[in-house]
Amino acid sequence: MTEPQPIDRRTPPPIKDAVHFKPELKPCRRFRLDNGIEVYALEAGTEPVLQLDLVFRGGNWYETRNGIAAATSHLLKNGTSRQSAYGVSEFFEYHGAYLSRSCQNETSNVVLHCLTRHTATLLPVVRELVTDAIFPEQELDIYRQNMKQRLEVNLKKCDIVANRLIDAHLFGHDHPYGRYSTMETYESLTREQLLAHYDAHYRHGNCTMFVAGVLPADIDRLLNEAFGDLPMNRTALPEVEHPVYPSGEKRQRVSNDPDGVQGAIRIARPFPNRHHPDHRPVQVLNTLFGGYFGSRLMDNIREDKGYTYGIHSYLMDHLGDGGWMISTEAGRDVCEATVREVYHEMKRLREEPIPEDELMMVKNYLMGTLLGDLDGPFQIIGRWKRLVLNGLDETYFRHSIEVIRYIRGEQLTELARKYLVEEDFYELVVV
């Protein structure tokens, strides 16, 4: 037998750039329950835990009045005909489980995290919440009071005000992406409105399930027994149109706190969603521009000028219309200078070649982030969820990797000339 050769510890191992790795999206199993609910199941991980995510088309896009979808989602676990809000919380806590619910623009979620061995015990109560929530009047009263108090506090913060106004400028006040809550929003909420939304978009709504972790051997049967007989997915998803009516005013300054020492800056433009061919290349451009700590915006406005603790740009990846946002808070006296520097960095990207070493740094960052996002079953199923809800498949994932690996600086310059144009952006400063 050949003796193993000793390791020469004076010679460091070769360094391999992350961009040269070839990550794969672990496949998941797809099946349907008796009523047509589509389930995406991923068996992965080492710890005996799982995550079950019930995704309903019950977000802001489908509400009849502002605030109904969010209130319905929040109060979903606050009592059924059999259990009080306290009883529901105690039940999940006793079993070491956590049940969360959230509301987004298009979808609403009910997410269960639990030990695998308790799955069969917990699923009937999850079913109870999505079929028998009663939205007690006293719970709605508490919700109204809490949300109005929170709104009163938030309206004193320039960053919150800026977030509300820039979305309205970009998409329109009446668009689901641009609407924001007022005191009247909460005061006008009624139990009947919540029950109607719940019945249409939960009990009789459109649902997709994503389950991941160390799954019970009979997970198909358990899910089918718990949810397979419910009157969901009986009709096609309703097509609800919301035209975009952006503001005609591209530059706005708002005084929110005369005594404040800091201002909030939001600079945004419309941008296509994931189905557009420029979306994936622009994700690379955005990262270089302002999408990570080593970006141009951070290097200039934080590290060189010292105007802010942090500045970021990102793509607003809604299922429908999208946007490209630059967001920061800066000292009141340097807000205008900060805005000028943002446009200066746009101009540099349009006019100056991108150094190869800078681009390689961005590629390695993006690939490293992607590898981190695939570390664990919940992260992997999250990737699948984004693909499925956007009507995409694993080829999108593979092509995204190819874009990161092979995109050239000249391509990013062309994209900057196309999209990083000052006149196309809405500019808002709230002080």
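I started at Gln51, which stands opposite Ala212 in β6; strands here are DSSP runs (E, at least two residues; helices are H or I, at least four), numbered from the N terminus. This is a predicted model, where local features need pLDDT of at least 70 and side-chain atom pairs 80 or more, while totals for chains, interfaces and linings use all residues. Residues are numbered from 1 along each chain as its sequence is written, and side-chain values use heavy atoms, leaving out hydrogens and water.

Next I checked the pairing, which takes at least two DSSP bridges between two strands. Strand β3 (residues 49-56) runs antiparallel to β6 over seven bridges. On β5, the bridge partner of Gln51 is His113. β3 and β5 (residues 108-115) are antiparallel too, over eight bridges.

Then I looked at β2 (residues 38-43), which pairs with β6 in the parallel sense over six bridges. Here Leu42 stands opposite Ala212.

I stepped back to the whole sheet: it is open, with six strands in the order β1-β2-β6-β3-β5-β4 and mixed pairing. Its edge strands, β1 (29-32) and β4 (98-103), each pair on one side only.

Is β6 buried or exposed? I found seven of its seven residues (207-213) buried, so the strand is largely enclosed by the rest of the structure; buried means under 20% relative accessible area with a 1.4 Å probe, protein chains only. Side chains in a regular strand alternate between the two faces of the sheet. In β6, Cys207, Met209, Val211 and Gly213 are on one side, and Thr208, Phe210 and Ala212 on the other.

Key:
Buried < 20%, exposed > 50% of the residue type's maximum accessible area, 1.4 Å probe, protein only.
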